[in-house]
Amino acid sequence: MGKITKEAALLYHSQGKPGKIEVVPTKPYSTQTDLSLAYSPGVAEPCLEIEKNPLDAYKYTAKGNLVAVISNGTAVLGLGDIGALSGKPVMEGKGLLFKIYAGIDVFDIELDEKDPEKFIQAVKAIAPTFGGINLEDIKAPECFEIERRLKEELDIPVMHDDQHGTAIISSAGLVNALQVAGKKIEEVKIVVNGAGASAVSCTKLYVSLGARLENIVMLDSKGVINKIRTDLNEQKRYFATDRTDIHTLAEAIKGADVFLGLSKGNVLSQEMVRSMAPMPIVFALANPTPEISYEEAMEARPDVLMATGRSDYPNQINNVIGFPYIFRGALDTHAKAINEEMKIAAVHAIANLAKQPVPDVVNEAYHVNNFTFGPEYFIPKPVDPRLITEVSCAVAKAAMESGVARNEITDWDAYKIQLRELMGYESKMTRQLFDTARCNPQRVVFAEGIHPNMLKAAVEAKSEGICHPILLGNEERIEKLAKEMELCLEGIEIVNMRHDRETERRERYAHILAEKRAREGFSFEEANDKLFERNYFGMMMVETGEADAFITGLYTKYSNTIKVAKEVIGIQPGYKHFGTMHILNTKKGTYFLADTLINRHPDTTTLTDIAQLAEKTVRFFNHTPVMAMISYSNFGSDQSGSPMKVHQAVATIQEQNPDLAIDGEMQVNFAFNRELRDAKYPFTRLNGKDVNTLIFPNLSSANASYKLLQAMNHDIQLIGPIQMGLNKPIHFTDSESSVRDIVNITAVAVIDAIVDKKRRNK
């Protein structure tokens, strides 16, 4: 992470629309009827229902997905008491994190009120608007009383994240660090440097998890907090030690197992770290400068288990790992509170997640091969997409079991799916693909077995239960790579096509291929030479029925793959061309784009084939095709070049298939804007229909369009390229394909193979 400059920070917050969050409509509003339902007179009906049953506010309003982030600006980050308005950028930032990590909407509210009683009354007055309240950046000790009173007097979840967010994440880290160190929480000696809201809350949660008060020493700016001091508030008195023989951090930390720092930078020396017990646990959480730097701590004690609040070092204690998902679980159960049981459930869910295999998206984000539970990874990363399901479900279950839930979740699998779909991690279509493939897994050959992404994808597809993988490549290299990446190859077949033991199979394939293409100049010797190439060998496995589907493309140029596919597999009867399609899952719906990979400069005949293949493919995915053939002109307005090719292809298809909803040529805006299209061109076959399939006039426009949409909109999920028109299931990836992309294509290939077998058995 590069250094953040003042200029860059100010530009980020001011460019475009000022601020970081906005309100957007969630219901239709384009017609007078829509507006009458949204406001007067239609809005009266939900008002009356809520009057009869206040809990119906969760049903008819945004209450169930709305959190207030409230501050008075008295303890903003490390900036101190800078005032309510000055803290607004932080509150907006918190709202951004709620939204992007858990789909929760936020109103940020800055109260210009330092008097705790008046602050409490103001929050109580606005509370009916919200499903939960996140208190933020309120100084100690007032924050303790404010939170206590609001929790007692309101019937919605209230949490001061500065206290409990840090407590929950650091507790999860402590649970796992103790496991790595082989120590028990009830036995370790803990030193806490700092006695503010975060330190007090962290230490209290450690006690709830089993730490003993007599094993804890807490320090504030005046030194060790002991029982002979007379300047202690209620929170500090709870942790006052009986020991009077220690006064400084250096004295307190000798022989300690755990150091928790929530104070200021550079107060923990290397000598102090050396004086700690074996395998010391150091949580130096002061930001941006820790109590001791990661480098200094590791130099002082190579056996140290270290966490900081920074993202550029291992084991970041980051509140975003907790608060979005804690509120998500609380909101979804309409909880009356966030209680101790829910916080502890979150601790264990976060801790357990760090012990599970890490998804590829996390490894990619941090540019590593594989995070593994241990000294440098005992806290999940903020980008881990499983946090939304694991933590939210744990919190929701705890809310129900502890009696604060007013909405019961009965189907936990359905709830997890709902959460994944909410965040765009999964769509209904991809779930259906995986469920269908899982019912009848097929033998899938992965061409580039030595490529890390393809190897990971094969292992993941096997663990998902969607296929029986076969890896092509040198077995020793594959096994070495798998060991380095800590991947289990159990149940995965490896075929070294160049090994002597494959000579018989290679020669058998060569005879079959030479006979099949004898009239195209193929000899046995030439075919045998070609079968040393992975695409020829893998496709012949599918052609002979010794495998059911083939995935390739990470290393090979498309031009070569296309040529091999035509020679070995061939194009389906009735067509002269084959193509590919990409599926885009968006918030507006599912769209199909073709041809995105194969045909560079299609003529009218090629475009006709692509459109007809696209129709079959869209139906294959259980959608009814409504097809627009795209150009830069509309319906004959330009009668030369590519528009004319498209125009002629449309005429051919409409003549051959009078019932198919297809028209063009047309510009993209007319394809997507039904009202505009119907008003200006009422003669189209698409009248009154929403287009879901786009056929582009050439490869450049199709490829650029889907990649532009993908780059500009992170809410889009892309599946593809999906092969259309070959005789058997041969599917392609590209060099940029992620593991998840390859697994998605594998699911498509498996279903393609299932359908192909049924077709051949008829």
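Good morning. The protein has 31 helices and 21 strands, where helices (H or I, at least four residues) and strands (E, at least two) are DSSP runs numbered from the N terminus. This is a predicted model, in which local features need pLDDT of at least 70, side-chain atom pairs count only at pLDDT 80 or more, and totals for chains, interfaces and linings use all residues. Residues are numbered from 1 along each chain as its sequence is written, and side-chain values use heavy atoms, with hydrogens and water left out.

Let me begin with the overall dimensions. Taken along the principal axes, the C-alpha atoms fill a box of roughly 100 × 75 × 50 Å. Of the 762 residues, 54% are buried, meaning under 20% relative accessible area, with exposed being over 50% and partly exposed in between (1.4 Å probe, protein chains only).

I turn now to the backbone. The peptide bond between S40 and P41 is cis, with omega about 5°; P41 sits in the loop between α2 (32-38) and α3 (44-52).

Which residues other than glycine have a positive phi? One is D137, with phi near 55°, in the loop between β3 (132-135) and α7 (142-153). D137 counts as buried because its relative accessibility is 3%. Another is F635, at about 50°, in the loop between β17 (626-630) and α27 (641-656). With 18% relative accessibility, F635 also counts as buried.

Finally, L79 lies in the loop between β1 (66-71) and α5 (88-102), and its 58% relative accessibility makes it exposed. Thank you.
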